[in-house]
Structure formats: structure tokens, C-alpha cells
Amino acid sequence: MAAGRLILKTEFLPTKYRGYMLPLSQVFWLAGSLLIIGLASVVIPTIGWRWLIRIASIPGIILIMAFKFIPESARFNVSTGNTQAAVATLEHIAKMNRSVMPEGKLVEPVLEKRGRFADLLDAKYLRTTLQIWVIWLGISFAYYGVILASAELLERDLVCGSKADSEVVVTGGDSGESQSPCYCHMFAPSDYRTMIISTIGEIALNPLNILGINFLGRRLSLSITMGCTALFFLLLNICTSSAGLIGFLFMLRALVAANFNTIYIYTAEVYPTTMRALGMGISGSLCRIGAMVAPFISQVLMSASILGALCLFSSVCVVCAISAFTLPIETKGRTLQQIK
């Protein structure tokens, strides 16, 4: 869903506005994140987490019905030969902007083969595709990793690593469960506040992210933010106060959100219209793989070694930073390609 909305926005926005408007849309992602945390602080202590999931699914159901009113991309319609629908969309846009359509006829060669997986591995895009896949895996791994690590650090109260897992026991009985490392502590109100503050970090670097994307370029901007992400993962291991931990988590959330902003824009811009949806879809699938691996590190490995888990996250971010810096194509100021 996220990939689809970004492709639509990318194909509707002019070149000079993409680097500004796409990162600003992160505000709505932030609003949703804050809403679910606030909802959890009220629902979980009262009626339980199952009701939280039920309530949170309602907007998604409404959105499915709203898809009917979202216009199809004019670029996509042209590439499929449906120029009449493309013209209708452009006329609607012109009317909204109180403008008129230019003279002439909309013409584009129709391709018989579109969106083939082999096109992503074509010689022209092979290196770019492989490096993008590495970056998507690493960014999602780091993004969901820092979210889960935040909850883990708060739940275990391991701000300075002062409490080893072996020392944490569940009181109230002599059963084997009292010695089990598998336990669950309900978040206190202060924990929810910490989550809200760190989540606000996702918008904190947006102005700098926009400047970096538009002036330094997509590749250099992404490599810088990925390198800083690696650094702040290591800083989490420093013995600090609760305020210090919140500060590190705040910066990490800001950096991983900036990483996502940049790679979304780059991936949508680097592929032509005939391959854009496929390129974003495959990248999004790899993103989910990174998200699935993250809990094993944030919650399982971190239980055994916090330093080991944080070093692994940091190492992956370093690999992504190098991959971003060496991407063969820069898309800053590049018009969207219609065909390969």
C-alpha cells in the first residue's frame, strides 16, 4: 500500500516538487504512529491488545473503499494505450489548477511487454537493482529494529545495562516460570510518553532531509543518514540517563525515517513507468523480509547481548551507506522516464 501511494504521488508531481512534497507526506505517517501509541496507552490497560488490533483495522477497511475515488496515473494509462483516460485525468488536473490543456494530441508508443522481472536485472539496471535491494533490506531492518529495540529497552529497564537478564525474575510463585527469561511487563505511562517522544523524531529531520535530497542529491544524502544511523545504534550502548536514552531513540527514529524517505523517492525515480510499480513492489517485498528478521535481533539476540545486537544493526547500516554512496545513477533533477 505504501509503495502504491508513493508511485501515484511520484507520477503526479512535477520534477522540481518531488524532493519537497514526498518527504513532507511523512507528516501523515507520523500522525498515524502517534495515534496508535496514544490508542494503545488507553486500550491495552483496559480492554486488551486484541481490541487495539480490531480498532486499528477500521481505517484500513475505510481506505479500501476509498480507493475507488483515487484517479489512476496518467503515465500508466498512456503506457497501456488508454490515452482517453489519461487525457481525462489531465483535464481534471488542469481544471483544479484553473489552467487549460496545451494544444496537441497525447501520443505514446504502446509496449506489448511491461513490468517483467527480467527487466530489473537487465544490464542497464542490474547493479542499481541489486544495490537498491540491499538498501531496502537494511533500512527496513534498521527501522523496525529501532522500534522493537525501544520497546525492549523500556520493558527490561536496561538503560545502562545495569540489569542482566539473568537477574530479572518474575515474583509471585516458585514455579519454573519465575526463572524464565520470557516475561512481559505492562508499559507504564512514562514508557508510552517515551515512545511518543521518540516517534516525533520521525519528522524532526524532515527539513534537513529535504535540503539534503534537493541539494546534495539522493545518493549522498542517503549515505550520510545511513552512516549516522549506524553511529547512533552504537551510542545506544553508552551508559546514560533515561533522558539520554530518549534522546538517542529520538535521533534514531529521525534518521531511519529520513532513510525511508530518500530510498522511496530514489526507487520511484530511477525506474521508468513501465518498470516503476514492479521495482517498488519487489523492493517492498524485500523490505518485509528485513522487517521479519528485525524481531529476532531486537528481542532475541538483545536478550543475550545488547552490544551484539546493536553492533549488528550498526554494521548493516554501514553496508547500506556504502551501497547508497556507490549507486550508479543519481536521480536529482531527473525527469521521470516513460519507457526503458
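Arg-253 is in contact (heavy atoms within 4.5 Å) with Val-146, Ile-147, Ser-198, Thr-199, Gly-201 and Glu-202, leaving aside its neighbours within four places in sequence. The residue is found in helix α12, which covers residues 242–270. Helices here are DSSP runs of H or I with at least four residues, strands are runs of E with at least two, and both are numbered from the N terminus. Arg-253 counts as buried, at 3% relative accessibility. Buried means under 20% relative accessible area, exposed means over 50%, and partly exposed lies in between, with a 1.4 Å probe and protein chains only.

This is a predicted model, in which local features need pLDDT of at least 70 and side-chain atom pairs count only at pLDDT 80 or more, while totals for chains, interfaces and linings use all residues. Residues are numbered from 1 along each chain as its sequence is written, and side-chain values use heavy atoms, with hydrogens and water left out.

The protein chain has 14 helices and zero strands. Of its 340 residues, 42% count as buried. Among contacts between residues at least 6 apart in sequence, 81% join residues at least 24 apart. The chain exposes about 17600 Å², and carbon and sulfur atoms supply 68% of this area. Accessible areas come from the Shrake-Rupley method with a 1.4 Å probe; for residues, only the protein chains shown count as cover.

The next topic is the interior. A nonpolar core is a set of buried Ala, Val, Leu, Ile, Met, Phe, Trp, Tyr and Cys residues joined through side-chain atoms within 4.5 Å. The largest such core has 51 residues, of which Ile-132, Trp-136, Phe-233, Leu-236 and Phe-260 touch the most other members. At least two residues of this core come from each of α8 (126–156), α11 (218–235), α12, α13 (273–304) and α14 (306–325). Helix α12 gives the most to this core, with 13 residues. Phe-233 touches Ala-142, Val-146, Leu-252, Leu-310, Phe-313, Ser-314 and Cys-317, not counting residues up to four places away in sequence. A second, separate core has six residues, including Ala-40, Val-43, Tyr-192 and Met-195.

Rings of Phe, Tyr and Trp (its six-membered ring) pair if their centres lie within 6.5 Å; planes under 30 degrees apart count as stacked, over 60 as edge-to-face and the rest as tilted. The structure holds ten aromatic pairs. One of them joins Tyr-125 and Tyr-271, which form a tilted pair at 5.7 Å centre to centre with 50° between the planes. Tyr-125 lies in the loop between α7 (117–120) and α8, and Tyr-271 in the loop between α12 and α13, so this pair ties together parts that are 146 residues apart in sequence. Both tyrosines, Tyr-125 and Tyr-271, are buried.

Phe-141 and Phe-313 form a tilted pair too, at 4.7 Å centre to centre and 35° between the planes. Because Phe-141 lies in helix α8 and Phe-313 in helix α14, the pair ties together parts that are 172 residues apart in sequence. Phe-141 is buried, with a relative accessible area of 6%, and Phe-313 is buried at 0%. Trp-136, Tyr-143, Tyr-144, Phe-260 and Tyr-264 form one aromatic cluster.

A charge sits over a ring if NZ of Lys or CZ of Arg is within 6 Å of the ring centre and within 35 degrees of the ring normal. Arg-54 lies over the face of Trp-51, at 4.8 Å from the ring centre.

Side chains of opposite charge can pair when their charged atoms come close. A salt bridge is a side-chain nitrogen of Lys or Arg within 4 Å of a carboxyl oxygen of Asp or Glu. A search of the whole structure finds two salt bridges. Arg-218 forms a salt bridge with Glu-269, with the closest N and O atoms 2.8 Å apart. This pair links distant parts of the chain, with Arg-218 in helix α11 and Glu-269 in helix α12, 51 residues apart. Both Arg-218 and Glu-269 are buried.

Glu-330 and Arg-219 also meet in a salt bridge through their side chains, at 3.4 Å from N to O. Here Glu-330 is in the segment after α14 and Arg-219 in helix α11, 111 residues apart. Glu-330 is partly exposed, with a relative accessible area of 24%, and Arg-219 is partly exposed, with a relative accessible area of 24%.
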